[in-house]
Amino acid sequence: MLWILIRRLTLSLLILFLAAVFVFLATEVLPGDALDVFLTADDLAVMDEEEIEEMRRDFGLDRPAWVRFWDWFSGVLVGNLGKTFIHEVPISEIIWHPLINSVLLGVVITVITLPVAILIGILTGYRRGYREDIIVSNASIVGYSIPDFVIGTCLIIVFAVWMPLFPAVIIAFSDSPPGELLAVSLLPALTVIIGHIAHQSRLLRAGFIETMNSEFVERVRLSGIPEGRVIFRHALPASVIPTLNSFAMYTAGVLSGLVVVEKVFGYPGLGRELIEAVSRREVHVVQAITFLSATVVIVMNLLADLAVIILDPRVRSLKS
Amino acid sequence: MQHEGLTEMLILELEGLTIGYRSVNREIVRVVDNVSFELEKGETLGIVGESGCGKSTLVRAIMGYLRPGGQILGGNVRFKGTSVLALKLRELQRLRGRQMAVVPQNPLSSLTYHMRVGDQIDEILQIHRGLNRHDARDETLNLFQATRLPEPAQIYRRFPHQLSGGQRQRVVISAALACQPSVMILDEPTTALDTTTEMQVLQLVKELSEEFDTAIVYITHDLTLTNYMCDSVLVMQNGKIVERGTALRVFKCPKEKYTQDLVAAIPRVDQPPRHKKSYVPEDGDALLEVKELSFAFRPAWSASTLFTKQEFSRAVDQVNFSVRRGETIGLVGESGSGKSTIANIVVGLLAPSLGTILLDGNPLSVLAKKRTFEQRRRVQMIFQDPLSSLNPRQRIETILTQPLRAFFGTSPRDARDQAAKLLEDMELPLRFLSQFPRQLSGGEQQRVAIARAFAAQPDLILCDEITSALDVSVQAHVLALLTTMQRKTGTACLFISHDLGVVREIAHRCVVLQEGCVVECGTTERVFTDSKHPYTCRLLAAASRQDGLRDQDKVLTN
Amino acid sequence: MKYPSAFEVLTHSPGTMIGVTLVAVHVMVTLFAPVLIPFEETKIVGPVLSSPGSVENWLGTDNIGRDYLSRLLMGGRTSIFVAMVSITFAVLIASLVGISAAYVGGIYDDVVMRIVDTKLAIPGILFIALIVTGFGRSIPALTAAIALSYLPGAIRIIRSQALTIIPLGFVETAKLRGDSLPRIIWKELVPNCQEIIAVEFALRMSSSILTVSALSFLGLGISPPTPDWGLMIAEGVKNIHTHTWLILLPAAFISTLVIGLNLASDGLANALGLDAARGIN
């Protein structure tokens with residue numbers, strides 16, 4: 001079993017490396033280097049060749065691509081994410097607090113989404129075809145069809161315009177204490193939670209139905225085991241596994257959702273930083289944030305793999 | 001049969017039980033039709049029928065369980081006087097597992113894969129007999145010993161996939177016996193097992209039922225098993241009971257035509273073949289020669305096998321045999337004997353580690369894509385599962401004309417005519433040409449697969465367990481058609497099977513394999529009547545349902 | 001079991017029929033919008049932010065003075081176009097790559113799967129943000145970015161379906177017949193992956209419309225003055241207290257389109273015996 005873990009870890013590190021390569025290629029090699037991206041047509045009109053070349057040398061952009069990549073990558077591994085073009089601020093300082101804030105939001109979302117989705121999945125799966133199931137299933141389709149930013153904006157309309165309970169825009173600074181942020185994160189979290197519960201519960205429902213129709217559940221029922229135990233001890237671990245296998249996609253979905261809701265609510269998180277960086281064409285910031293997100297996804301995927309290994313003993317014995 | 005005053009002897013009474021399912025076009029199809037019988041204490045009743053006769057539905061209904069979509073249309077089931085169908089779920093749960101137990105067909109998929117097997121039996125003991133954890137564990141180990149599992153303490157901690165098929169089935173039997181039920185129902189419990197393992201399990205069940213005085217309902221498609229195991233037998237067809245009586249009488253002197261046909265279709269291991277085989281000259285030339293063939297599984301490189309321990313188990317070990325023109329060679333052995341691997345190597349799907357194959361004296365390249373066109377045409381293969389061997393998206397006509405177009409360049413119109421002729425040879429209606437495989441039954445699909453193989457006019461056909469998935473009566477028909485075609489075209493056949501009766505029926509010579517090695521080879525009659533090799537004798541004894549195994553060591557390592 | 005006809009698929013359940021109707025209505029509106037709209041959608045025709053209900057501008061004007069109804073009706077064209085083109089490319093390429101990777105195996109398959117895993121590690125919106133940073137916000141760049149974004153996920157799903165088919169008897173028979181690689185892929189494998197490809201297409205259409213609108217909302221997608229529902233919502237947020245309908249109407253349009261697509265693809269998947277829930281990205 002140790003071999004399996006080592007193997008997954010190695011593969012994950014490989015993917016992490018490839019992700020870094022891709023991030024770098026997409027922003028600093030293919031379209032031209034970072035400076036080409038950063039400078040607008042207007043800038044190019046006012047600056048002359050000399051100034052541009054000097055800027056290039058200042059930022060070390062005159063070196064070959066793989067040297068720059070290695071420099072950047074090795075820096076990232078130790079936490080040195082480079083500097084912004086404007087004002088040359090160290091990027092790690094800029095994104096530290098937003099990172100914490102986004103993590104907070106993400107944790108709130110995940111902690112609420114997963115248990116609720118499992119419960120709804122089991123309930124609707126168990127009562128398949130009955131009224132409860134049809135209503136909830138169709139509501140789920142609506143739930144994940146409406147875009148996050150629409151749900152968020154509508155929530156603002158309901159709770160800030162029509163019933164002035166919450167502030168319409170989050171007046172919180174990046175470095176506000178967690179308590180204050182927690183209160184303010186309710187609406188953004190709720191926005192993402194709605195869509196994700198809708199989606200995940202359908203996945204779980206499908207897995208649950210399939211498990212409940214399987215032969216081993218039939219045998220356990222025919223052995224007179226009470227339904228409650230059948231569901232929670234026998235069927236539930238088996239139903240969760242297909243969902244865990246697509247956990248990477250779930251995490252990626254949460255991160256994408258974060259970007260959107262942070263813009264909708266003005267929440268001081270990493271997503272908001274990203275959008276601003278894109279509009280200012282701060283290539284290094286975009287690289288850093290994207291790479292960080294990839295790291296989070298890969299780590300969460302590893303954890304999910306670990307959970308599958310724990311839940312499904314068949315995976316532990318490596319058969320060809 | 002009247003039983004006044006002896007009602008405590010009656011465990012089960014079924015009266016006119018009728019169960020229906022709603023089919024695709026919203027009609028009710030009767031799956032079980034007016035079934036009545038009685039089961040006494042300690043009696044072993046066999047229920048025999050082919051697939052689709054309703055026996056599985058019947059058995060689950062006895063426990064008050066219906067698969068989704070089923071409904072009781074009439075009749076009653078009484079267990080020790082109480083009507084089962086009228087009980088609520090809680091009351092049923094008290095009966096199930098405690099007074100009535102079931103042993104399902106496939107032990108791998110009927111055990112919870114993520115729980116240790118010991119825990120699964122503890123659970124039953126704790127819930128039904130109120131034992132605490134320690135007592136339950138002790139009792140489970142006792143049960144494992146009673147079912148002759150080796151090293152019970154080790155098995156206790158294993159997961160289902162870590163056990164062999166026979167061990168798994170014993171675990172399920174232990175679970176069934178945990179509360180010493182009055183009736184134990186076994187639903188084709190040995191279908192997934194080898195013949196020798198099957199006999200061991202059956203013997204075990206027989207002895208346990210005598211020890212605990214349990215009534216047994218044994219469902220199978222195999223009348224020879226009921227002859228061995230059961231006191232009385234019911235024969236079912238399309239949900240109805242067609243014949244009933246003592247097991248011996250039904251087997252030896254069946255009254256109804258259906259039963260007679262069923263018995264007649266069973267290929268017998270202990271009797272000479274019913275039909276005369278074609279003549280093959282003793283000194284004929286060898287069409288196919290297999291020399292020193294060996295194969296060991298070595299996983300190909302890929303990222304997913306990084307860090308895997310390299311496993312070099314020899315699936316095939318220095319196998320030699322030959323096939324003459326027009327001859328049928330039976331390749332027999334249990335699972336893991338390497339017979340399918342040999343077939344895949346001969347046809348070119350798998351490359352051997354060592355050895356050569358000669359066709360008419362010329363060596364064949366190991367993989368099909370490297371062989372010549374003619375070589376590929378002359379060796380054809382038919383697979384075990386008929387449905388997956390036909391492209392579900394192609395009509396039968398396309399399936400049959402493909403080899404004609406590919407190997408002979410036949411024009412579409414001629415190809416269609418030839419395809420029609422092939423269907424005729426296989427006694428299939430012409431309208432099948434425009435249908436899709438899923439619209440045909442299993443036997444019909446396999447006949448199409450045979451027709452496709454013959455379309456290439458091969459010299460050698462490889463049959464890899466082609467009738468194992470078919471009902472007995474269908475099997476007989478398919479084999480008859482195969483041998484007729486063979487005789488007509490003079491095609492040789494390498495017939496792989498674990499069913500010794502079939503091999504005796506159609507093969508001129510046979511090769512017995514054990515774990516990749518040839519242990520015996522010779523004419524079929526000699527091997528079956530006068531074998532000296534212990535493994536062959538064991539196989540034959542198990543297949544002919546003799547109690548020759550009684551003298552074997554009781555604690556089995558299988 | 002026979003394969004369901006198109007009619008049976010469409011009328012599979014009430015939900016499916018609602019979905020198909022919604023999609024049909026949207027398609028009609030999108031196709032005929034240029035003919036239906038009273039004014040040109042980018043032209044300034046009236047006072048800024050006028051209220052709906054006037055005779056000239058039925059739904060009033062937006063924050064620059066353009067006719068709102070026209071912008072609303074034309075709002076879907078670009079995103080639907082981008083979604084259709086990008087998903088068609090993505091699914092076509094994913095089918096070829098996924099099926100061939102499953103069949104050929106070996107190093108080719110490994111490389112493909114590593115690339116797929118790499119992309120899947122980068123969340124969708126961030127991935128497109130990355131590409132937009134480097135390549136700008138043009139429609140071709142956006143289309144390419146979305147296609148690239150959905151390609152790996154589709155490859156993975158189609159590949160796993162192909163993997164279940166490749167060991168089957170009829171594929172081996174084709175191999176033994178000596179059929180060439182392209183022939184096997186085209187005649188044996190692709191027809192048996194049809195269902196999953198169709199369901200993938202339907203599901204990713206709805207996903208990509210969501211993505212395009214979200215990107216436009218964030219300012220990374222379609223740029224003004226082209227009308228787009230996501231963009232219109234972003235523009236309307238500034239006046240959220242006073243002119244709420246500027247947000248609610250485009251929100252309703254996006255939602256109904258995506259709900260319709262999801263209901264229809266759900267029905268499609270169920271009619272074909274597949275599980276829609278698993279295919280959603």
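These legends describe close-up views of a predicted model. Local features need pLDDT of at least 70 and side-chain atom pairs count only at pLDDT 80 or more, while totals for chains, interfaces and linings use all residues. Residues are numbered from 1 along each chain as its sequence is written, chains are lettered from A and ligands numbered from 1 in the order in which they are written.

**View 1. An open sheet of six strands in chain B.** The strand order is 16-17-18-13-19-20, with mixed pairing. Strands (E, at least two residues) and helices (H or I, at least four) are DSSP runs, numbered from the N terminus. Two strands pair if DSSP finds at least two bridges between them. Strand 16 (379–382) and strand 20 (517–523) of chain B each have a single partner strand, so one side of each lacks a neighbour in the sheet. From one strand to the next, the twist averages 15 degrees. Strand 17 (residues 460–464) and strand 18 (residues 492–497) of chain B run parallel, joined by five bridges. Here B:L460 stands opposite B:A492 of strand 18.

**View 2. A hairpin in chain B.** Strand 9 (residues 232–237) and strand 10 (residues 240–246) of chain B are antiparallel and share six bridges. B:Q237 has B:K240 as its bridge partner. Two residues lie between the strands. In the turn, B:N238 has a positive phi of about 50 degrees.

**View 3. Helix 3 against helix 4 in chain C.** The axes of helix 3 (residues 68–104) and helix 4 (residues 106–121) of chain C come within 7 Å and cross at roughly 135 degrees. Axes are lines fitted to C-alpha atoms, for helices over the stretch in contact, and angles run from 0 to 180 degrees between N-to-C directions. The two helices of chain C are therefore oblique to each other; angles under 35 degrees count as roughly parallel, over 145 as roughly antiparallel, 65 to 115 as roughly perpendicular and the rest as oblique. C:V97, C:A101 and C:V104 of helix 3 meet C:G106, C:Y108, C:D109 and C:V112 of helix 4. Residues are in contact if their C-beta atoms, placed from the backbone, lie within 7 Å.

**View 4. Chain A meets chain C.** Chain A gives 50 residues to the contact and chain C gives 45. Among the chain A elements that each supply at least two residues are helix 1 (2–29), helix 10 (186–212) and helix 15 (283–311).

Notes. Two residues are in contact if their C-beta atoms, placed from the backbone, lie within 7 Å.
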